[in-house]
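Hi,

Here is the structure I promised to pass on. Have a look at it first, and my notes on its pockets follow below.

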Amino acid sequence: MNDVHNFNAGPAALPKQALERAQKELVNFDGTGMSVMELSHRGDTYDRIHTHAIKKIRKLLEVPDDYHILFLQGGASLQFPMVPMNFLDSQATYILTGAWSEKALAEAKHFGKTVIGASGKDGNYKQIPALNQISEHAQDSYVHMTSNNTIYGTQWHAFPNTKAPLVCDMSSDIFSRRIPVNQFGLIYAGAQKNLGPSGVTLVLIQDAFLQRAKSGLPAMLSYDTFVKSNSLYNTPPVFSIYMLGLVLDWLEESGGLTEIENRNKAKAQLLYEAIDESDGFYIGHAAQDSRSNMNVTFTLANDALTSVFLQEAKEAGFVGLNGHRSVGGLRASIYNAVPYASCEALVDFMKQFKNKHAEKGATV
Ligand SMILES: Cc1ncc(COP(=O)(O)O)c(C=O)c1O
């Protein structure tokens with residue numbers, strides 16, 4: 001067995017226990033003689049898988065009863081146009097905290113008027129805007145934000161109390177911590193970081209917000225279609241939903257969101273300490289108050305050492321440490337399933353690398 005330390009940004013590390021259970025059940029699920037991928041999505045067995053996943057989401061995330069839980073396809077990227085298509089009326093406000101919020105804004109522009117409520121762009125997206133810096137209008141159709149900026153390694157640690165319904169892309173930190181679901185009109189997240197394999201997008205939508213959705217849209221692009229059909233309007237991504245259920249079983253067995261949040265904070269603290277105590281050899285990208293507990297982004301003072309770091313890290317069994325192509329440098333994505341021990345191993349590696357190359361890299 002090849003054990004690696006997986007720091008991929010997404011698709012990302014999944015809990016071993018969930019993978020092993022899927023392996024055990026793969027060719028004969030629950031005595032059916034078939035794999036989950038071969039079951040009818042209209043049959044009782046799949047219905048139990050589907051219902052189980054929805055129940056686990058509601059329980060673990062404490063989703064209030066007036067929120068619908070949907071499984072869609074097309075990734076978080078399809079939510080970028082689907083939100084404005086369904087909800088953008090007079091005007092929507094977008095808060096820009098990185099490349100993904102910019103993409104969401106670009107799609108909204110196809111459907112109506114948008115305004116920027118706050119932006120971290122001038123500061124190279126190192127900082128999350130202060131809550132009192134956000135401008136919005138009570139008449140906005142909604143305010144859109146991104147809770148965790150996967151590429152820049154920044155995260156909101158408190159959410160704005162907006163007058164208009166708040167819509168949030170939580171793709172890279174959903175289920176990493178407790179969240180006040182009732183502060184949001186709609187939450188969406190691609191599954192492939194904390195929830196399971198790619199192929200399914202989780203959407204939570206408050207019923208009162210849904211009532212404002214436009215009618216006359218193509219069925220596959222209307223939230224109402226999926227609410228009315230319990231996400232079974234067409235063939236859902238059955239295997240991804242099954243895996244999501246197994247990942248949430250693991251999460252519950254691990255102690256739920258409070259416990260996972262503590263673990264995530266401890267992992268992040270370990271890495272940020274290694275960066276801060278490196279005498280400038282490693283430089284964190286995000287401002288201290290905006291640091292993400294999911295994606296730790298940093299550079300080397302001597303950029304020429306970046307490729308050496310990546311090569312030596314690869315040889316030592318570390319995967320996925322390269323920064324996003326638009327930012328460069330290094331990034332360790334430490335989602336729920338990344339063990340504390342992998343972060344400890346990375347910190348050891350970073351210290352050894354610094355000692356080995358210190359004379360080449362200590363100065364900026
Ligand atoms: C915050 C955020 N939003 C959106 C996306 C795009 O997700 P998808 O690939 O599921 O469309 C990503 C992907 O990494 C992301 O990190």
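How many nonpolar, polar and charged residues are there in the lining of the largest pocket? By class, that lining has 11 nonpolar, 7 polar and 4 charged residues (Ala, Val, Leu, Ile, Met, Phe, Trp, Tyr, Cys and Pro count as nonpolar, Asp, Glu, Lys and Arg as charged, and the others, Gly among them, as polar).

Before you go on: this is a predicted model, where local features need pLDDT of at least 70 and side-chain atom pairs count only at pLDDT 80 or more, while totals for chains, interfaces and linings use all residues. Residues are numbered from 1 along each chain as its sequence is written, and side-chain values use heavy atoms, with hydrogens and water left out.

A pocket here is an open set of points on a 1 Å grid over the protein atoms alone, where a 1.4 Å probe fits, with protein on both sides within 12 Å along at least five of seven lines; lining residues have an atom within 4 Å of a point.

Back to the largest pocket: 22 residues line it, and Ala 13, Leu 14, Lys 16, Ala 337 and Pro 339 lie nearest its centre. Both domain 1 (16-253) and domain 2 (256-358) give residues to its lining, so the pocket lies between them (the bounds come from an automatic or database domain assignment).

The second largest pocket has 21 lining residues, with Gly 10, Trp 100, Thr 150, Gln 192 and Lys 193 closest to its centre. Its lining has 6 nonpolar, 11 polar and 4 charged residues, and at least three residues come from each of domain 1 and domain 2.

Cheers
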